[in-house]
Number of protein chains: 2
Amino acid sequence: MTTQQPTEPTARSSAHPEQDAEFLNHFRSMSQIGATAGGGVDRQAATLADGQTRHWFRGIVESLGMTVHYDRVGNQFALLELVPGAPFIALGSHLDSQPLGGRFDGAYGVLAGAHAVIRASRAADAQGAPAFNLCVVNWFNEEGCRFKPSMMGSAVFTGKLDADAALDTADPAGVTVREALEAIGTVGDFRVDLAAYLEIHIEQGRVLEDSGMTIGLVESTWGANKYEFVVHGEQAHTGATVIADRQDALLGASAMVVAARAVANDFSTPDAEVITSCGEFTVFPNSPVVVASRVSLLMDLRSTDPEALARADAALFARIREIEVEANVRIERGAEHIWGAKAYDERGMELAAACAEELGLSHRVVRTLAGHDSTNLKDLVPTIMLFIPSAEGISHNEREFTSDADMLAGVDLLTAVTSRVLRGEFVPAP
Amino acid sequence: MTTQQPTEPTARSSAHPEQDAEFLNHFRSMSQIGATAGGGVDRQAATLADGQTRHWFRGIVESLGMTVHYDRVGNQFALLELVPGAPFIALGSHLDSQPLGGRFDGAYGVLAGAHAVIRASRAADAQGAPAFNLCVVNWFNEEGCRFKPSMMGSAVFTGKLDADAALDTADPAGVTVREALEAIGTVGDFRVDLAAYLEIHIEQGRVLEDSGMTIGLVESTWGANKYEFVVHGEQAHTGATVIADRQDALLGASAMVVAARAVANDFSTPDAEVITSCGEFTVFPNSPVVVASRVSLLMDLRSTDPEALARADAALFARIREIEVEANVRIERGAEHIWGAKAYDERGMELAAACAEELGLSHRVVRTLAGHDSTNLKDLVPTIMLFIPSAEGISHNEREFTSDADMLAGVDLLTAVTSRVLRGEFVPAP
C-alpha cells in the first residue's frame with residue numbers, strides 16, 4: 001500500500017495499488033496550488049488560486065475522458081456520459097478554501113468523486129449497460145469567506161438563492177462574484193438535472209477518530225441560525241471622552257460575543273450541545289485612540305436539538321436588547337440564514353453501510369456540525385453524505401490532516417456506492 | 001467681527017478684524033487638505049495628505065517671513081529669528097489627524113501658533129529688543145494611528161523615544177516611518193534647543209462648554225497606562241468544532257474589553273474617574289466560519305488619581321489571568337507606554353490667567369484626559385498648555401467643532417502669552 005505517513009497504521013492492503021498511487025499523486029499535485037508555508041492552502045472563492053485549481057482540475061478530468069462545463073454562478077461540472085440522454089448521478093464537493101485553510105476540506109471530496117466516477121464507470125462497463133450518466137461537481141464558494149453566504153453555488157443550483165443576487169454579491173474590496181468569475185474565466189450557461197447526489201468529506205470533528213472508525217455515515221445536519229449584526233456607536237477620542245458620553249461599539253460587540261458563549265453553555269445538555277461562534281468581527285475605524293463607531297459581526301448558533309436551538313436563540317436576543325442599554329449602542333440585525341436540522345436519506349445510509357461492510361471498513365452513524373454542499377442538495381434530490389476521519393478534529397486550519405489510508409478507503413467506498421447507485425439501487429432507473 | 005457661524009454668539013468685538021479674517025481664511029484653506037465628505041479630514045501621519053498639509057504650511061509661514069526646517073523624524077520647525085543666537089520659544093501642536101478625524105484637533109494649534117508668533121513679534125518690535133527667538137513646531141505623528149506610539153515626534157525630540165526606533169516603526173502595510181517621511185519629502189537633520197513651549201488645543205471634552213468658559217488653563221495630564229496585547233487561540237472550524245475543543249481568541253479578547261469597562265466602573269469615584277478604552281482590535285484571520293486564532297488589541301486605563309489608577313490596573317491584570325483560563329487562550333502582554341499624571345508649570349498657568357483677564361476672556365483650570373505633544377515637552381522645558389472649547393466634547397470625529405469666535409479668542413490669548421514670554425516673564429532671559 002502506498003503511504004507517505006509512516007506513523008499511520010495501514011488497516012488493509014489495497015486491491016489496486018496503481019489506482020491508489022494515481023489518486024495520491026493527484027492529491028499532492030492539487031495541494032501545491034495556493035499552498036501556504038504552514039502546510040495548508042489559501043484558495044478563497046474566485047481568487048487567482050481558486051481559478052488555478054479549477055483549471056488544474058479541468059485538465060485532470062479531461063485527461064480521464066470527461067468534459068467540463070460551467071453554469072452561471074461558476075459551478076464546475078465534469079461529465080462522463082455513459083448512456084446518452086439518461087439522467088445524471090452527481091458526486092461532488094468544493095475546491096475553494098478558507099484563508100490559511102487545510103488541503104483536505106472540500107478538495108478531497110472533489111478529487112475522490114472524479115476517481116470514483118472513473119472506477120465505477122469501468123466496473124459498469126464490465127457489468128453491462130448502466131442506468132445513469134455520471135458527473136463530478138466542484139460547487140462554487142462553499143466556504144463563504146470572501147463572498148457571503150457560504151454554500152453559495154449549491155444554494156443557487158438548488159433554487160435557494162437567486163443567481164443574480166449571488167452574482168451581484170461583492171467582497172470587502174467591492175469586487176462582485178460576476179467580476180471575479182469572469183476574471184478567472186470559469187463561468188458559463190450550463191444546466192443539468194440530477195437524479196441523486198453523493199458527497200464525501202473529511203469529518204472536521206473527532207467522533208470517528210475518538211471511536212476508531214474509518215467511515216462516517218452522515219445521518220443529519222445540525223440546525224444553524226446565522227446572523228449578521230452591525231453595532232452602532234459614536235466615534236470619539238479614547239482619552240478625552242468620559243465614560244458617560246461614550247457610545248462604544250466595540251464594547252457592545254464584545255459583550256455580544258461573551259453573551260453568546262454564555263447562552264451556549266446555559267442551553268447545552270449532555271444530549272444536545274448548543275454551539276456558538278463569531279468568526280468575523282470588524283471594527284471601524286480601528287484606530288488606537290478612537291472609540292469605535294461601528295462593529296460588524298457574524299454570529300451563529302447551532303444545535304442538533306431544534307428546541308434547544310430555539311430557546312438559546314431567544315435568550316441571545318433578550319441579552320442583546322440588554323446590551324444595547326448597558327453599552328449605550330444600537331444593534332442592527334442584518335441578513336440571516338437559517339438551516340433547520342434535517343435528516344439525510346435513510347436508504348442511502350443503509351446502502352453505504354452495506355458497501356462499507358463488503359469492503360471491511362469500520363463505520364458508524366455521525367451528524368455534521370458544519371454545513372456542506374450536500375446540506376443544500378439533499379433538499380433537491382436523494383443524497384448520501386460520507387465522512388472520513390480528521391486528525392484531532394482540526395479543520396479550517398493549515399494543520400488539518402487525514403491519512404493516506406483513510407483517504408484511499410474513502411475513495412474505495414465512494415466507488416462502491418457509486419457502482420450500486422449506477423445500477424439503480426438508490427434511485428430508480430429511468 | 002468676522003464670523004461665518006451665525007448661530008455663535010460673539011462675546012467680544014475684535015480689535016484687529018483683518019488679522020482675524022486672515023487667520024480664518026488660512027484655517028479654511030488648511031481644512032480642505034485631506035477633507036472628508038463628512039466635514040472632517042483624513043491626514044494620517046506621513047500620508048500624501050499629511051505631506052500636502054506640511055507643504056501648504058511651509059508656504060504659509062514662509063510668506064509670513066519664517067524659515068522652515070525638518071529634523072530626523074520629520075518634526076517641522078518654522079523659525080522667526082528676532083535676536084541672533086538667542087534661545088527659542090516654541091509654539092506648536094500637530095497637523096496630522098485621525099482617519100475621519102476632525103479639522104481642529106492639532107491643526108488649530110499649529111496655525112494659531114504661527115499667527116501668534118507673527119503678531120507677538122510685531123508687538124515686540126514696538127517694545128524694543130526681545131529676549132528670545134520664536135518658532136512654530138508641527139510635531140510629527142501625534143495621533144499614532146498609522147505608526148505607534150502616538151506623540152512620536154515630540155517623544156523623540158524630548159529624548160523619550162530613540163530616533164532610529166521611531167524611523168524603523170512600520171505601519172500595517174510594512175512601510176516604515178523613514179520610508180514614508182522620505183516619500184513626502186519632509187525630513188532633515190535640523191536641531192534646536194528650546195527655552196519654553198506653549199501649546200493651544202481644542203479641549204476634546206465638555207468641561208469648558210458645560211461651564212460656559214472660553215479658555216482652559218491646563219493644570220495637569222491624567223495618568224495613562226497603555227498596553228498592547230495579543231490573544232492567542234487556535235484557528236478552527238466554527239461549525240464543526242465543539243466548545244470543549246475551542247481556543248477562541250475572539251472570545252478571550254472580547255472578555256477583556258468587557259472586563260476593562262467593569263474595572264473602570266468599579267474604581268471610579270466622584271473625585272477621580274477611571275477611564276478605559278480599547279481603540280484598536282484586530283481579528284485574525286477574520287473569516288465568517290473560522291474561530292479566530294489571534295486578536296491584537298490596544299487597551300488603556302487613565303485616571304487623575306495615581307492610586308485609583310494603580311488599583312484599577314492590578315484588578316485588570318487579575319481579571320486577564322482569569323480570562324486566560326475561562327476562554328482557553330494565552331494572553332501575551334506586549335509593549336506598554338506609561339504616562340504618570342503630571343502637573344504643568346504653575347507660573348505658566350498664572351501668566352495665562354493674567355493675560356485672559358486682560359483680554360476679558362472667561363477661563364478656568366482644567367485637566368487633560370488626552371495626551372498632547374505638551375505632555376512630552378513639559379518634562380523638558382517650562383510649558384504652558386491652553387484649551388478652547390469643543391462642541392459637545394466631540395473629537396476624533398468628523399463632527400468635531402469649535403466656533404470661529406473661540407478660535408480667534410484662543411489666538412488672541414496665545415499672542416498675549418507669547419508677548420509676555422518674549423519679555424522674559426515666564427523663563428528668564430539669557
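In chain A of this predicted model, the buried residues of helix 6 pack against helix 5 (163-168). Local features are given where pLDDT is at least 70, side-chain atom pairs count only at pLDDT 80 or more, and totals for chains, interfaces and linings use all residues. Residues are numbered from 1 along each chain as its sequence is written, while chains are lettered from A and ligands numbered from 1 in the order in which they are written.

**Helix 6**

- In helix 6 (residues 177-184) of chain A, the buried residues include A:Val177, A:Ala180 and A:Leu181; a residue is buried if 20 or more other C-beta atoms, placed from the backbone, lie within 10 Å of its own.
- These residues sit on the same side of helix 6 of chain A, because they cover an arc of only 95° around the axis, taken from the directions from the helix axis to the C-beta atoms.
- An α-helix has 3.6 residues a turn, so residues three or four places apart point the same way.

**Chain A as a whole**

- Chain A has twelve helices and 14 strands, which are DSSP runs numbered from the N terminus (helices: H or I, at least four residues; strands: E, at least two).
- Of its 430 residues, 59% count as buried.
- Among the contacts in chain A with a separation of 6 or more, 77% join residues 24 or more positions apart; two residues are in contact if their C-beta atoms, placed from the backbone, lie within 7 Å.

**A four-stranded sheet**

- Four strands of chain A form an open sheet in the order 9-11-7-12, with antiparallel pairing; two strands pair if DSSP finds at least two bridges between them.
- Its edge strands are strand 9 and strand 12 (330-339) of chain A, each pairing on one side only.
- Strand 9 and strand 11 of chain A are joined by ten bridges in the antiparallel sense.
- Within this pair, A:Met299 of strand 11 is the bridge partner of A:Cys278, and A:Leu298 of strand 11 stands opposite A:Glu280.
- Helix 9 (residues 306-326) of chain A packs on the sheet, touching strands 7, 9, 11 and 12, and its direction makes about 155° with that of strand 11; axes are lines fitted to C-alpha atoms, for helices over the stretch in contact, and angles run from 0 to 180 degrees between N-to-C directions.
- Strand 9 of chain A is mostly covered, with nine of its eleven residues buried.

**Meeting chain B**

- At the interface, 56 residues of chain A are in contact with 56 residues of chain B.
- Strand 8 (236-237), helix 8 (249-267), strand 9 (274-284), strand 10 (290-291) and strand 11 (294-303) of chain A each supply at least two residues of this side.

Technical notes: Buried ≥ 20, exposed ≤ 12 C-beta atoms within 10 Å, placed from the backbone.
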